Amino acid sequence: MTTSMVWWGIIIYILIALFIAYLSRSGKQTNMGSYFLGDRKMGGIVSALSYSATTYSAFMLVGLAGLTYNGGVGALGFELIYLMGVSLVAFFGPRFWVVGKKYGYITPSEMLGDRYNNKNVALVVSITSCIFLIPYSAVQLSGVGYLLQGMTNNEISYSTGVIIATVVAIVFSYIAGIRSVAWTDSLQAVFMIITSTVVVLMLVHSLGGFSEFFGSIETTKPEHLSVPGNGFWSFATFLGMTIPWFFFSLSNPQVSQRLYMPASLKSLRIMLMGFMIFGLIYTLVAVIWGFSAVVMFPNLEKADLATPMVLSSEAVPPILGVIVMVGIMAAAISTIDSILLTLSSLFARDVYSQFRKNSTDEMQLRVGKIVIPIIAILAYLFAELELDLIAVLSVASSAGLLVVVPSIIGTFFWKRGTAAGVLSSVIISGVIVIVLELFKLKPLGLTSGVWGISLSTVLFVVVSLMTKAPEEKANEFLNNVKIELNKFK
Amino acid sequence: MKSNELKWALAILLIIMLAYILPYTMLTDVAKWYGSFLIWTVLACIVIGINFFLTKDWK
């Protein structure tokens with residue numbers, strides 16, 4: 001694979017994606033609902049593909065394949081338990097969707113603020129999201145930098161890769177808000193699932209077909225086919241990694257906001273089922289990819305090298321290698337642009353509106369649009385600086401966002417929940433998660449995520465019971481949920 | 001939560017418990033493709049099937 005092939009791959013991808021983003025413009029994007037939620041009129045298939053592209057970042061073919069290379073089949077269990085956790089959408093999805101329509105919510109934190117009858121709830125929850133998701137985006141940007149640098153032997157520098165990803169993410173979010181993000185996401189998802197499946201089938205074929213493929217793992221690394229296997233996937237590690245991801249569909253606003261967008265419950269259903277099938281296939285592809293690296297290159301020094309080695313091996317034609325590599329870059333961008341858009345909607349809706357009372361929808365949209373490049377540049381600077389704290393916050397992001405989950409569950413299922421309960425559970429547990437990650441502490445052998453969710457649940461329940469619930473609001477909200485759900489089922 | 005929702009939720013919970021328990025108990029010594037690899041894949045398929053039926057009436 002030559003550097004000029006990589007450049008051509010990137011250019012062609014960007015041109016096609018720009019064309020699709022341009023076509024996605026429809027109607028006037030003059031209000032928050034239109035720009036950030038696509039007027040709540042998104043079709044099921046685009047929603048499903050976009051949800052997939054947003055969820056599955058560059059992590060899958062690099063990180064998950066690497067985890068498989070390192071520790072074996074436990075990586076499959078980890079990712080599939082996450083996928084099973086997306087069943088939460090079957091329970092929370094319709095509830096988010098009906099109240100979104102009924103009350104006009106743009107962001108999940110706005111919903112929490114209204115339900116608990118306290119604007120500070122919206123403010124704190126959205127700031128928490130920014131604290132963890134901006135570093136997470138920064139690490140995605142660095143991923144693109146390292147990938148291009150590694151695959152071209154430094155001919156495309158780290159900084160060039162990071163700049164390309166930042167600029168493309170800004171442009172994709174800017175052209176038509178969520179519409180351009182959703183359509184370029186869909187392009188990326190289709191592209192990725194097809195090419196990576198083809199690569200995996202070629203790899204398995206070149207290694208003698210499925211039975212021989214598993215046969216060689218059984219003889220060379222039998223411990224890779226069971227857990228805890230070589231010890232990498234101890235039960236404590238498995239639990240610590242799966243719990244934060246299990247709740248991902250609720251805890252991460254860039255995906256939970258998607259629950260407001262489908263045109264109908266039928267579209268929401270297509271989004272859920274489409275995503276689950278996509279996720280199952282893609283997970284199997286990434287894990288088998290990692291296993292192929294085990295068979296082909298059993299003694300790599302670093303697991304992160306597994307994917308670059310496989311892509312530049314003789315089993316994969318160079319042109320396909322370039323296509324998949326560009327696909328991995330696109331996967332990172334499709335995650336970042338969705339996060340960018342969600343965070344700017346959070347800022348405009350829940351932070352700006354606090355300081356500028358009576359701000360109109362139009363003013364919020366203007367602020368949201370200004371904030372998009374600012375957040376992107378912040379993520380870019382973090383990626384360039386490669387600060388330790390940023391890496392810590394990024395790793396902590398899945399655990400850190402988990403602290404909001406009890407309050408989200410309480411929104412729909414517990415009348416007694418209070419704003420004080422939300423604020424104390426989110427702030428105190430959030431700080432504890434950061435401290436645990438910063439000092440690499442694992443009290444009782446349990447990870448920060450397990451501590452975060454346990455502590456935030458206890459705090460939410462205890463503090464809520466000690467304070468007065470917004471009874472009137474809770475009754476009205478929950479009654480409306482019931483009435484609206486009955487209309488659609 | 002409606003009672004049929006609760007029924008499905010418990011079914012999903014049971015399968016997720018199995019996804020934690022089986023590979024770490026019965027299957028720890030089964031170093032074959034039909035060990036943990038198969039069981040996790042099958043359990044995920046069952047959960048997808050449950051979601052299919054759970055959301056059948058969404059219009």
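Which residues of α9(A) are buried? The legends below take up this question and others; the model is predicted, local features need pLDDT of at least 70, side-chain atom pairs count only at pLDDT 80 or more, and totals for chains, interfaces and linings use all residues. Residues are numbered from 1 along each chain as its sequence is written, while chains are lettered from A and ligands numbered from 1 in the order in which they are written.

**View 1. Helix α9 of chain A and its buried residues.** Helices and strands here are DSSP runs numbered from the N terminus (H or I, at least four residues, for helices; E, at least two, for strands). Helix α9 (residues 158-176) of chain A has 19 residues and reaches 29 Å from its first C-alpha to its last, close to the 27 Å expected at 1.5 Å a residue, where the expected span is 1.5 Å times one less than the number of residues. Its buried residues (20 or more other C-beta atoms within 10 Å of their own, with C-beta atoms placed from the backbone) are A:G161, A:V162, A:A165, A:T166, A:V168, A:A169, A:F172, A:S173, A:I175 and A:A176. These buried residues pack against α1 (3-23), α8 (119-151), α10 (178-206), α17 and α18 (361-385) of chain A, and just after the helix A:G177 takes a positive phi of about 60°.

**View 2. The largest nonpolar core.** This core, a set of buried Ala, Val, Leu, Ile, Met, Phe, Trp, Tyr and Cys residues joined through C-beta atoms within 7 Å, has 186 residues, and those with the most contacts inside it are A:A165, A:M325, A:I328 and A:M329. Helix α17 (residues 318-355) of chain A gives the largest share, 19 residues. Not counting residues up to four places away in sequence, A:I328 touches A:A58, A:L61, A:V62 and A:L147, a contact being two C-beta atoms, placed from the backbone, within 7 Å.

**View 3. The side of chain B that touches chain A.** Here 30 residues of chain B are in contact with 33 residues of chain A. The elements giving two or more residues to this side of chain B are α1 (3-24) and α2 (36-54) of chain B, and α2(B) gives the most, with 10 residues.

**View 4. Chain B and its annotated spans.** The secondary structure of chain B comes to two helices and zero strands. The unreviewed UniProt entry places the feature "transmembrane region" at residues 7-27 and 33-54 of chain B, although such annotations may be inferred rather than shown by experiment. Residues 7-27 of chain B are 86% helix, with end C-alpha atoms 28 Å apart.

Methods
Buried ≥ 20, exposed ≤ 12 C-beta atoms within 10 Å, placed from the backbone.
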